Amino acid sequence: GQSLGVHLLDISWYTESMRAGHPVVITDRHKLQLNTYVMELHFLDEDGRGVAFRRAAAVLKALPAQVTSMSQLRGLPCLGEHSLRVIKDVLENGESSEVESTKQSERFKALKILTGIFGVGAKTADRWIREGIYNLQQLRDSGHALNQAQKAGLEHYNDLNQPVTKAEANAIGEIVQKAVISVLPGSQIALTGGFRRGKLTGHDVDFLITHPEEGREVGLMSKVVSWLESQGFLLYQKTTRNSYLESKDGPARPASNMDRFERCFSIFKLTKGEEQGTTQPEKNGVQTMDNRLWRAVRVDLVVSPISQFAFAVLGWTGSKLFERELRRWAGHEKDMSLSSHAVFDNKQNRYLRATSEEEIFAYLGLEYIPPSERNA
Ligand code: DCP
Ligand code: MG
């Protein structure tokens, strides 16, 4: 049986077909349809089905040939009963009636609107829906006390639900670069997240900050944030401190999937280029005449000591599914614990040093996979 204990990285054609640049699977129309489902259904992840769907979609994406019949899927990993049912429906009818009806449900639509607010997760959205709150106006009218993040999220709802472009990411990169150089000359930044994988748009922009001398990065985040604030670049920020040094469970075995770097969740105020003065289309009952010369953009800043930088870059480049599979691979196939901080070899009972992503892939017994092929 291939279904248990097999993961995406275990399949040689997974990386090979992606490297060979094989066009994606199924037909484009079907692929699009399935990807939409995967995107949409992660809202309903209460029973972990979201991850299952994403795994299934990643397997389909990696197949070297078009899929036109269910028989071609026999023996493949990560395709559960439910995923297969949806795929079958899509292949036969062009869409899945089950998914379509879910998407049309009031509950689903409300979940989508409410989790579209920065600072609101599925749990909070679900609680509000049970109180009869289905949209932004009802939330405003409810008189619920919102935290700072949610207030900012509601205020900048339209902006934050509009994809960030590569050009905007670059513009923000220049600002962040200027900030780190101003507060600590010699500091370096790296663009991570989806944009490093070559995506053309994203929901935010992710940066990793370090300094080539170990220890100099201590205190850097607060200086960077202060500089950005003083220049009027921040609409919102919340910094969470580094908890790595205090942890007792060992660097590569964090209590959760979250890493322990000092991290700043922020909303940037980005001056607009050409597209100023446009009217944004009505969205979820909010019409704005938009004459502003700026827009709000979500930006994540993370500070890493140089000794962990390669692991941090690998961990923050994503995709989330790729990271999950890579860690699974490390554990199951190599008896190693991989995190955004380090890799621990359980057999040798020691940490392995790395100054580049290439070295880390080599430890894991994998050929180097460039960022553009990590879009699983
Ligand atoms: N990441 C992580 N653990 C977290 C947060 C992020 O491992 N708690 C990693 C995996 C992500 C990357 O950091 O791929 C960036 O996170 P994003 O949520 O910004 O995801 P992407 O940048 O991949 O997608 P998007 O284009 O939607 O921003
Ligand atoms: Mg991102």
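This is a selection-by-selection tour of a predicted model, starting at its ligands. Residues are numbered from 1 along each chain as its sequence is written, and chains are lettered from A and ligands numbered from 1 in the order in which they are written. Local features need pLDDT of at least 70, side-chain atom pairs count only at pLDDT 80 or more, and totals for chains, interfaces and linings use all residues, while side-chain values use heavy atoms, with hydrogens and water left out.

**Ligand 1**

Select ligand 1 and the 15 residues that surround it (a residue is near a molecule if one of its heavy atoms lies within 4 Å of it). The closest are Gly194, Lys199, His203, Asp204 and Lys320. Next, show the polar contacts (pairs of N or O atoms within 3.5 Å). The side chain of lysine 199 has an N or O atom 2.8 Å from an oxygen atom of the ligand. From aspartate 204, a polar side-chain atom lies 2.7 Å from a ligand oxygen; for aspartate 206 the value is 3.0 Å. On its own, ligand 1 has 560 Å² of accessible area, of which the protein covers 84% (Shrake-Rupley method, 1.4 Å probe). Helix 12 (193-196) and helix 14 (309-317) are the elements that give two or more residues to the shell (helices are DSSP runs of H or I with at least four residues, strands runs of E with at least two, numbered from the N terminus). By class, this shell has 2 nonpolar, 7 polar and 6 charged residues (Asp, Glu, Lys and Arg count as charged; Ala, Val, Leu, Ile, Met, Phe, Trp, Tyr, Cys and Pro as nonpolar; the others, Gly among them, as polar).

**Ligand 2**

Now select the magnesium ion, ligand 2, which is coordinated by the OD atoms of Asp204 and Asp206 at 2.0 to 2.1 Å (donors are N, O and S atoms within 2.8 Å of the metal, or 3.2 Å for Na, K and Ca; water is not among the atoms, so sites may look incomplete). Both aspartate 204 and aspartate 206 are buried (under 20% relative accessible area; 1.4 Å probe, protein chains only).

**Glutamate 168**

Move to helix 11 (residues 166-183) and pick glutamate 168. Glutamate 168 counts as buried because its relative accessibility is 8%. The side chain of glutamate 168 makes a polar contact of 3.0 Å with the side chain of arginine 295.

**Serine 266**

Finally, select strand 6 (residues 262-271), where serine 266 is found. With a relative accessible area of 0%, serine 266 is buried.

How values were computed. Polar contact = N/O pair within 3.5 Å; in protein donor to acceptor, adjacent residues only side chain to side chain. Buried < 20%, exposed > 50% of the residue type's maximum accessible area, 1.4 Å probe, protein only.
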